[in-house]
Amino acid sequence: MKTEFVWPVRVYYEDTDTGGIVFYANYLKFFERARTEWLRAAGVNQQQMADEHGLMFVVKATAVEYHAPARLDDELRLTVVVEKLGRASVQFVQDAWCGQRLLASGKIKVACVSKTEVRPAAIPADVLAQIDRDAG
């Protein structure tokens with residue numbers, strides 16, 4: 001079984017529309033925060049990767065399905081699971097939960113690219129090893 005990483009998020013006023021419901025695009029922000037914290041927990045420092053290797057991760061593709069609304073002040077649980085680890089990309093499966101209620105589910109693919117040319121590049125071996133170790 002693949003390792004699931006969990007990150008808590010509180011819904012703030014700025015996350016909602018005039019009806020007090022989380023604006024759909026904000027789930028992508030929540031997913032981004034959870035992936036960033038997962039990388040940090042895995043020992044990957046993105047700034048260090050940029051400084052030492054001249055590489056960064058960028059989102060290549062997203063697919064999100066919305067199941068139920070989140071509302072102002074809800075406490076959400078964001079999950080991150082590595083679905084596929086490639087030489088230059090990582091595909092994640094992510095969910096947003098409020099209690100036992102699934103709010104949104106997504107597949108997000110990130111690619112490793114050079115900072116200067118923004119072209120695909122291999123994930124550095126040390127970073128790949130850290131991701132693989134924590135992916136389960």
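**Notes on the fold and core**

1. Of the 136 residues in the protein chain, 39% are buried, where buried means under 20% relative accessible area, exposed over 50%, and partly exposed in between (1.4 Å probe, protein chains only). Please keep in mind that this is a predicted model, in which local features need pLDDT of at least 70 and side-chain atom pairs count only at pLDDT 80 or more, while totals for chains, interfaces and linings use all residues. Residues are numbered from 1 along each chain as its sequence is written, and side-chain values use heavy atoms, with hydrogens and water left out.

2. The protein chain has three helices and five strands, in the order β-α-α-β-β-β-β-α from the N terminus; helices (H or I, at least four residues) and strands (E, at least two) are DSSP runs, numbered from the N terminus. Its radius of gyration is 16 Å, close to the 14 Å of the globule rule for 136 residues, so the protein chain is as compact as a globular protein of that length. That radius is taken over C-alpha atoms, and the rule is 2.2 Å times the number of residues to the power 0.38.

3. Among contacts (heavy atoms within 4.5 Å) in the protein chain between residues at least 6 apart in sequence, 68% join residues at least 24 apart.

4. The largest nonpolar core holds 33 residues, of which Tyr 27, Trp 38, Phe 57, Leu 76, Leu 78 and Ile 131 touch the most other members. Such a core is a set of buried Ala, Val, Leu, Ile, Met, Phe, Trp, Tyr and Cys residues joined through side-chain atoms within 4.5 Å. Two or more residues each come from β1 (5-10), α1 (26-41), β2 (55-66), β3 (75-85), β4 (89-98), β5 (101-114) and α3 (125-135), and α1 gives the largest share, six residues.

5. Which residues does Phe 57 contact, leaving aside its neighbours within four places in sequence? They are Leu 39, Gln 46, Met 49, Val 110, Ala 111, Cys 112, Ile 123, Val 127 and Ile 131.

6. Helix α2 (residues 46-53) has a side-chain oxygen of Asn 45 at its start, within 3.0 Å of the backbone nitrogen of Gln 47. After α2 comes Gly 54, with a positive phi near 70°.

7. As for the cysteines, Cys 98 is buried at a relative accessible area of 16%, and Cys 112 is buried at 0%. The whole structure contains zero disulfides, a disulfide being a pair of cysteine sulfur atoms within 2.5 Å.

Technical notes: A polar contact is a pair of N or O atoms within 3.5 Å; within protein, one must be able to donate a hydrogen and the other to accept it, and residues adjacent in sequence count only if both atoms are side-chain atoms.
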